[in-house]
Amino acid sequence: MATGSHQSLDFRLIAKLREIVGNDGVTSRATELKVYECDGWTVEKAAPDLLVRPRTTDEVSSVLKLLHQRGLAFVPRGAGTGLSGGCLPLKSPVMICTSRMNRVLAIDLANRRIEVESGVVNLHVTNAVKANRYFYAPDPSSQVACTIGGNIAENSGGPHTLKYGVTTNHVLGVELVLPDGQVAQLGSAVEDQCGYDLVGALVGAEGTAGIVTRAILRLMREPDAHRTLLAVFDDVDTATRAVSAIIAAGIIPGAIEMMDQMIIRAVEAAFHAGFPEDAGAVLIVELDGISAAMDEQGERLSELMIGAGARAIRMARNEDERAALWKARKRAFGAVGRLAPNYATQDGVVPRTRLPDILREISAISRRYQLRIGNVFHAGDGNIHPIVLYDERDPSEVRRAIDAGRDILKRCVEMGGSLTGEHGIGVEKIAEMPLIFSPDDLMVMAELRRVFDPEERSNPSKVIPTPGACVEVATPRRQAPL
Ligand SMILES: Cc1cc2nc3c(=O)[nH]c(=O)nc-3n(C[C@H](O)[C@H](O)[C@H](O)COP(=O)(O)OP(=O)(O)OC[C@H]3O[C@@H](n4cnc5c(N)ncnc54)[C@H](O)[C@@H]3O)c2cc1C
């Protein structure tokens with residue numbers, strides 16, 4: 001089945017939904033629904049038949065009870081910044097978006113935690129506490145837009161994952177509305193919890209367990225000081241070797257990010273951050289900690305980078321320069337929009353020491369498929385993001401872009417890595433799951449999923465492939481044999 005169009009969405013159902021969430025909380029006009037036809041994975045598109053935007057947990061619960069009575073499936077959506085098609089409606093006529101659930105509910109600095117609704121934008125969590133010198137550590141580059149609910153669903157990371165960990169390390173408890181409308185509390189505000197780690201099972205479930213409505217998050221104390229440097233290299237090989245040299249020297253920076261020449265040029269054209277356009281690659285490395293140690297560590301890091309082949313080092317001299325570097329890095333994906341009508345951001349992982357190998361592979365794959373591929377990624381984690389440029393008006397380019405992405409992922413797995421560092425499986429990589437999981441692994445995952453969602457009505461056809469099934473999605477058409 002393609003998606004969307006569902007006979008059971010009669011006027012009576014729509015009227016009842018309007019009673020629950022208000023007139024302005026239900027959208028059924030096709031032209032308005034088109035906005036929701038894809039996330040950041042624009043290769044595949046399908047609009048929902050109905051969009052519902054509740055404001056409270058009670059409203060979410062009432063909506064899901066109604067859908068449960070009708071046996072209707074739904075797809076949760078936050079801000080739609082996902083990069084693997086996670087909120088693409090497949091076999092789910094109703095999309096439930098948390099954009100109106102955006103309140104910070106409680107701040108408890110003494111216990112270093114904050115409680116928010118799931119539609120709160122990631123950066124707004126840090127904004128709510130930064131005057132007190134606290135921050136929320138997972139910082140996806142999309143943090144100005146993406147929601148905490150989306151972050152929990154994808155187990156999102158960011159540049160500072162290297163030192164601080166990913167979302168799962170920062171979620172203490174969640175409120176979850178199960179697909180039948182029951183409200184469950186998983187975990188709690190307590191740091192050390194006993195029993196099965198159900199929060200851990202939910203983080204990364206990609207919306208297949210119901211709708212997260214609230215979360216209790218861990219807050220971190222802002223470090224005393226930062227040292228942020230830009231190391232310039234002639235080629236990606238030397239730059240990626242330098243990454244391993246840093247870690248091998250016993251230094252764990254807050255972040256190590258890499259950009260190759262294609263991305264440097266796009267970013268420079270867009271933001272004029274002062275990146276050398278003739279460089280083969282740059283690393284942005286950030287140290288954080290107590291002020292007294294920063295100068296010495298900064299010098300040691302600079303020496304290490306020069307020793308590893310950097311041709312120049314530029315240290316941010318003040319907070320403005322540091323902010324400019326991060327702005328350029330975090331908006332790199334946006335700058336890529338200048339290079340081609342469309343792009344697909346891949347997300348794979350390799351052991352850090354294999355970075356030079358995978359970048360050589362990506363370069364070979366780029367030549368093989370005659371597609372331009374840029375690289376901007378969380379190098380410290382070995383989490384690569386090849387950006388495959390294509391033009392969706394050319395079906396052969398779309399096909400090649402998909403195949404190129406698949407080849408890159410296969411090579412990641414062969415090198416001992418994984419299919420995703422942070423963007424999730426979604427619809428994009430569902431056919432690749434058997435590359436790392438056996439049929440038994442996948443069966444156990446499916447059974448765990450059914451504990452939350454016995455009828456598989458929450459984001460169906462995502463994450464776990466069904467043997468023998470075939471997902472067909474809308475324009476441009478793609479068959480994913482599972
Ligand atoms: C420019 C750009 C840069 C990015 N950089 C990073 C990065 O550095 N690190 C990173 O990890 N990701 C990054 N991403 C990917 C994306 O921002 C993250 O995956 C993010 O967590 C998605 O949040 P969202 O609110 O947009 O979720 P959506 O895209 O709306 O949804 C994502 C998934 O979450 C589910 N979902 C959403 N809300 C809920 C909820 N309340 N309950 C249950 N399920 C829910 C959806 O069903 C879907 O499966 C980037 C994306 C872009 C466009």
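**Ligand site**

I began at Gly82, where a backbone N or O atom lies 2.8 Å from an oxygen atom of the ligand. I count such a pair as a polar contact when the N or O atoms are within 3.5 Å; within protein, one must be able to donate a hydrogen and the other to accept it, and residues adjacent in sequence count only if both atoms are side-chain atoms. This is a predicted model, so I kept its limits in mind: local features need pLDDT of at least 70, side-chain atom pairs count only at pLDDT 80 or more, and totals for chains, interfaces and linings use all residues. Residues are numbered from 1 along each chain as its sequence is written, and side-chain values use heavy atoms, with hydrogens and water left out.

I then looked at Thr81, which has a polar side-chain atom 2.6 Å from an oxygen atom of the ligand. At Ala79, a polar backbone atom is 2.9 Å from a ligand oxygen atom. How many residues surround the ligand? I found 35, and the closest are Pro76, Gly78, Thr81, Ser142 and Thr147.

**The open sheet**

I traced four strands in an open sheet, ordered β1-β2-β4-β3, with mixed pairing. β1 (26–27) and β3 (74–77) are at the edges with a single partner strand each, so one side of each has no neighbour in the sheet. Strands here are DSSP runs of E, at least two residues, and helices are runs of H or I, at least four residues, numbered from the N terminus. Two strands pair if DSSP finds at least two bridges between them. β1 and β2 (residues 50–52) run antiparallel and are joined by two bridges. I noted Leu51 in β2 as the bridge partner of Thr27.

I moved to β5 (residues 104–108) and β6 (residues 113–117), which are antiparallel and joined by four bridges. Val104 has Val116 as its bridge partner. Asp108 has Arg113. Four residues lie between the strands, and Arg112 takes a positive phi near 55°. What else does β6 pair with? Five bridges join β6 to β10 (residues 211–218), again antiparallel. Glu115 has Ile216 in β10 as its bridge partner.

**Helix α4**

In α4 (residues 122–129) I listed Asn122, Val125, Thr126 and Val129 as buried. Their arc, seen down the axis of α4, is within 90°, so they line one face of the helix. The arc is taken from the directions from the helix axis to the C-beta atoms. Buried means under 20% relative accessible area, exposed over 50%, and partly exposed in between (1.4 Å probe, protein chains only). The buried residues of α4 pack against β5, β6, β7 (134–135), α5 (148–154) and β10. Contact means heavy atoms within 4.5 Å.

**Helix α14**

Helix α14 (residues 395–414) has 20 residues and reaches 29 Å from its first C-alpha to its last, close to the 28 Å expected at 1.5 Å a residue. The expected span is 1.5 Å times one less than the number of residues. What caps its N-terminal end? Asp394 does, with a side-chain oxygen 2.9 Å from the backbone nitrogen of Ser396. Just after α14, Gly416 takes a positive phi of about 90°. Its buried residues include Val398, Arg406, Asp407 and Cys412.

**Helix α15**

I checked α15 (residues 439–452) for length: its 14 residues should span 20 Å, and the end C-alpha atoms are 21 Å apart, which agrees. Leu442, Ala446, Arg449 and Phe452 are its buried residues. These fall within an arc of 105° seen down the axis, so they line one face of α15. On the other side, Asp440, Val444 and Val451 are exposed. The buried residues of α15 pack against β8 (171–177) and β9 (183–187).

**Ala270**

Last, I looked up Ala270, in helix α9 (residues 261–271). Ala270 is partly exposed, at 22% relative accessible area. Not counting residues up to four places away in sequence, Ala270 touches Ala335 and Arg338.

Methods. A residue is near a molecule or strand if one of its heavy atoms lies within 4 Å of it.
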